[in-house]
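Colleague: I have a chain open on my screen and would like to go through it with you. Could we take it region by region?

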Amino acid sequence: MPAAIAGLALVAGGCSHSRPTAPVAGVQTHRQQTTAPESADTGIDKIKHVVIVIQENRSFDSYFGTYPGANGIPMRNGTPSVCMPTGTSASCVRPFHDRHDVNGEGPHAAGAFKTDVNGGAMNGFVRVAQDEYKSCSKHPQAALCAYTGPTSIAGYHDQREVPNYWAYARHFVLQDHMFSPSLSWSLPAHLFEISEWSAYCKTHAPSSCKNSVDNWNSSYYGNPRNPHPTFAWTDMTYLFHRYGVSWRYYVQGGQEPDCGNADAITCRGIRQSASTPGIWNPLPSFDTVHIDKQLQNIQPISKFFTAAKAGQLPNVTWIAPSQATGEHPPARVSDGQAYVTNIVNSVMQSPDWDSTAIFVTWDDWGGFYDNVVPPRVDVNGYGIRVPALLISPYARPGYIDHQILSQDSYNRFIEDRWLGGQALNPKTDGRPDPRPDVRETKPGLGNLLQEFDFSQSPLPPLPLPVRPTTDLVEPPGYPAADQPCTGKCAAAGFGGA
């Protein structure tokens with residue numbers, strides 16, 4: 001039985017314990033829960049702020065595949081035992097240590113997912129990347145193909161390249177079975193992040209919405225025929241507004257971190273800001289945000305740093321990067337790590353540190369190799385594993401959480417903390433929509449409470465250098481890190497303001 005599927009069966013059979021009554025009169029929720037420290041239920045109120053930082057396009061094995069104790073790259077005598085077939089020769093490609101600061105990715109929409117998983121063999125990554133790279137000469141950014149290649153998706157980093165991420169794992173919690181909520185690309189993943197669903201709506205009536213795995217990416221933002229899609233179904237902010245939970249969605253200005261076509265390796269950039277709806281900023285397209293008059297809660301990232309310094313973080317914070325800092329190829333790994341470290345340091349140095357849980361993860365696998373077969377919970381996923389960390393004074397130090405998790409788990413934690421367990425459930429939340437299921441109530445989904453120990457003395461902050469010493473190298477001819485990326489460089493997706 002594949003590791004992930006076996007784990008799912010074990011989690012589903014775990015012990016359950018009591019949970020709060022839902023705040024809606026007469027409504028009870030019942031979810032399977034795994035064993036957590038004895039203090040978890042009573043101590044969850046110590047968390048007054050949740051900060052969710054979601055980066056772009058990395059698999060778990062690409063960052064933590066050799067982390068001690070984690071379910072990582074299969075090895076034999078210190079050498080990866082995996083060898084992925086290619087479509088061009090009889091040779092195969094093994095995962096390899098990659099020192100490059102710039103990596104090439106592979107396609108990562110639903111079709112690529114199927115090829116990568118290959119019926120559970122988890123060996124189609126190189127083949128699907130090769131198919132995309134064949135068309136590189138037709139791309140306006142064809143130069144990227146000279147820096148990387150289809151085998152780049154087999155590369156992995158370790159503490160020599162991402163020392164801060166590994167330091168967070170050692171001191172706090174590493175989640176080694178965090179699966180992207182969608183078996184597709186960035187947009188569906190972010191829709192699940194804030195609403196537990198990815199759909200296409202014909203009108204502003206929630207009943208008009210239909211399930212969409214890829215969310216019709218050919219007609220997404222940037223397409224003049226559809227400049228502002230309609231997201232009519234219910235999202236988390238609807239419940240936040242209903243129950244008085246404060247929230248902010250902070251957006252880093254610059255260029256969008258992904259392409260409107262998820263199978264494209266590169267694309268011409270689309271500008272993003274807090275005021276522009278986009279792949280990483282979908283909330284302005286949700287009807288509920290307009291109905292509740294909460295557009296002002298979508299703000300530039302500068303306001304996050306101001307709030308953290310003042311000890312005025314909201315209950316729930318989401319943070320979206322730009323292309324330059326999101327780790328989406330061709331963005332530098334080092335720039336993404338510096339960006340995340342700056343965010344984490346800001347919370348650690350804030351008066352709010354002692355009451356905060358920071359979740360850091362990546363939205364989808366970006367075509368990079370991973371060895372674990374994703375559990376199939378419904379037509380939408382799960383997707384391939386992604387890196388994930390919990391950073392909090394109440395995190396169990398050095399703990400590796402092997403539970404089956406998805407980014408749905410963050411919403412479940414928030415619901416347990418502030419909503420008394422009320423889920424985004426069309427049968428109970430007062431705003432019906434035809435979503436196929438209520439994701440966070442799936443019996444196999446792990447419980448993030450297991451990662452906390454509210455009886456321990458709060459862990460001290462761990463501020464880290466924003467630019468630690470690493471072994472990262474850049475490919476020859478790539479735009480230098482200290483040079484401004486403007487004109488053709490920015491248009492080609494190499495970064496920008």
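Predicted model: local features only at pLDDT ≥ 70, side-chain atom pairs only at ≥ 80, totals over all residues.

Colleague: How many helices and strands does the protein chain have?

Modeller: The protein chain has 14 helices and 20 strands. Of its 497 residues, 65% count as buried. Among contacts with a separation of 6 or more, residues 24 or more positions apart account for 81%.

Colleague: Let us turn to α11. At what angle do the axes of α11 and α12 cross?

Modeller: Helix α11 (residues 301-310) and helix α12 (residues 333-348) cross at roughly 30°, and their axes come within 8 Å. The two helices are therefore roughly parallel to each other. Their crossing is left-handed.

Colleague: Which residues make that contact?

Modeller: From α11 the contact uses Ile-301, Phe-304, Phe-305 and Ala-308, and from α12 it uses Tyr-339, Asn-342, Ile-343, Ser-346 and Val-347. By class, seven of the residues in this contact are nonpolar, two are polar and none is charged.

Colleague: Which residues of α11 are buried?

Modeller: Ile-301, Phe-304, Ala-307 and Ala-308 are buried in α11. Viewed down the helix axis, the buried residues fall within an arc of 105°, so they line one face of α11. An α-helix has 3.6 residues a turn, so residues three or four places apart point the same way.

Colleague: And what do the buried residues of α11 pack against?

Modeller: They pack against β12 (247-251), β15 (298-300), β16 (316-320) and α12. On the other side of α11, Thr-306 and Lys-309 are exposed. Just after the helix, Gly-311 takes a positive phi of about 70°.

Colleague: Is the pairing of α4 with α5 parallel, or is it oblique?

Modeller: Helix α4 (residues 110-117) and helix α5 (residues 125-133) pack at an angle of about 140°, with their axes 7 Å apart. That angle makes α4 oblique to α5. Ala-112, Thr-115 and Asp-116 of α4 meet Phe-125, Arg-127 and Val-128 of α5 in this contact. The residues of the α4 contact with α5 divide into three nonpolar, one polar and two charged.

Colleague: Moving on to α7, how many of its nine residues are buried?

Modeller: Seven of the nine residues of helix α7 (residues 163-171) are buried, so this helix is largely enclosed by the rest of the structure. The buried residues are Pro-163, Asn-164, Tyr-165, Trp-166, Ala-167, Tyr-168 and Ala-169. They pack against α3, β8 (173-175), α12, β17 (356-362) and β18 (388-391).

Colleague: You mention α3. Is Ser-62 buried or exposed?

Modeller: Ser-62, which lies in helix α3 (residues 60-64), is buried, with a relative accessible area of 2%. Leaving aside residues up to four places away in sequence, Ser-62 touches Gly-155, Tyr-156, His-157, Phe-368 and Tyr-369. Ser-62 and Asp-370 are 308 residues apart in sequence, yet their C-alpha atoms are 7.3 Å apart in space.

Colleague: Where is Thr-203 found?

Modeller: Thr-203 is in the loop between β10 (199-201) and β11 (209-211). With 40% relative accessibility, Thr-203 counts as partly exposed. Not counting residues up to four places away in sequence, Thr-203 touches Ser-208, Thr-230 and Ala-232. The C-alpha atoms of Thr-203 and Ala-232 are separated by 7.4 Å, and the two residues are 29 residues apart along the chain.

Colleague: Now the backbone. Which residues does a cis peptide bond join, with omega about 10°?

Modeller: That bond joins Pro-329 and Pro-330, and Pro-330 lies in the loop between β16 and α12. The peptide bond from Gly-381 to Tyr-382 is also cis, with omega near 15°. Tyr-382 is found in the loop between β17 and β18. For context, most peptide bonds are trans, and most residues other than glycine have a negative phi.

Colleague: What is the phi of Asn-77?

Modeller: Phi of Asn-77 is near 55°, a positive value in a residue other than glycine. Asn-77 sits in the loop between β2 (75-76) and β3 (79-80), and at 78% relative accessibility Asn-77 counts as exposed.

Colleague: And Glu-327: is that residue buried or exposed?

Modeller: Glu-327 is buried, with a relative accessible area of 0%. Its place is in the loop between β16 and α12. Glu-327 has a positive phi of about 70°, although it is not a glycine.

Notes: Residues numbered from 1 in each chain as written. Heavy atoms only, no water. Axes fitted to C-alpha atoms, helices over the stretch in contact; angles between N-to-C directions. Helix = DSSP H or I, 4+ residues; strand = E, 2+ residues; numbered from the N terminus. Parallel < 35°, antiparallel > 145°, perpendicular 65-115°, else oblique. Left-handed = near helix turned anticlockwise from the far one by under 90°. Contact = heavy atoms within 4.5 Å. Nonpolar A, V, L, I, M, F, W, Y, C, P; charged D, E, K, R; others polar. Buried < 20%, exposed > 50% of the residue type's maximum accessible area, 1.4 Å probe, protein only. Arc of directions from axis to C-beta.
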